[in-house]
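This report describes one protein chain, moving from its overall architecture to a single residue. Please keep the sequence and the structure in view while reading.

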Amino acid sequence: MSNLAKDAKKQSPPYDFVQIANSSKFKQLMSQKKKFLIPLTVFFLLFYFMLPILTSYTTILNKPAIGSITWTWVYAFAQFIMTWVLSMIYVRKAMKFDELATDIVEENQMEGAKNK
């Protein structure tokens, strides 16, 4: 093992991942993430796949929206906006999830230090 790997091994505190995974705070964090991610993913997939479905099987989006621009183009452009908005929402929410995860790991480190 190289010196760099030995130094990193000495510096990194041991984590009890089983204890972390079984903690109520971790389970609560995972529940919050699921409540956020599943609806967001379902919305994204529905919105994304509705364009090819609507253009292939209906003529709803063929009507003009603004001048000679049809609703198909408006919907396609809205997908870009939707992607950016959902990405920004996810980044903000992920920062909160990261803070909670860091708190859980730090709490586990403190409990591990007490048990030694």
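This is a predicted model: local features need pLDDT of at least 70, side-chain atom pairs count only at pLDDT 80 or more; totals for chains, interfaces and linings use all residues.

## Architecture of the chain

The protein chain contains 4 helices and 2 strands. Along the sequence, these elements follow the pattern α-α-α-β-β-α. The mean pLDDT of the protein chain is 87, and 83% of its residues reach 70 or more. The table presents the two elements at the ends of the range of mean pLDDT.

| Element | Residues | Mean pLDDT |
|---|---|---|
| Helix α1 (lowest) | 3–11 | 62 |
| Helix α3 (highest) | 24–57 | 95 |

## Surface and contacts

Of the 116 residues in the protein chain, 16% are buried. The accessible surface of the chain amounts to about 9400 Å², and carbon and sulfur atoms account for 67% of this surface. Contacts may also be sorted by separation in sequence. Among contacts between residues at least 6 apart in sequence, 67% join residues at least 24 apart.

## A residue in helix α4

Helix α4 spans residues 71–115, and Gln79 lies within this helix. Is Gln79 buried or exposed? Gln79 has a relative accessible area of 12%, and is therefore buried, because the term applies to values under 20%. Which residues does Gln79 touch, not counting residues up to four places away in sequence? They are Phe47, Tyr48 and Leu51.

Terms used:
Residues are numbered from 1 along each chain as its sequence is written. Side-chain values use heavy atoms; hydrogens and water are left out. Buried means under 20% relative accessible area, exposed over 50%, partly exposed in between (1.4 Å probe, protein chains only). Contact means heavy atoms within 4.5 Å. Accessible areas come from the Shrake-Rupley method with a 1.4 Å probe; for residues, only the protein chains shown count as cover. pLDDT is the predictor's confidence in each residue, from 0 to 100.
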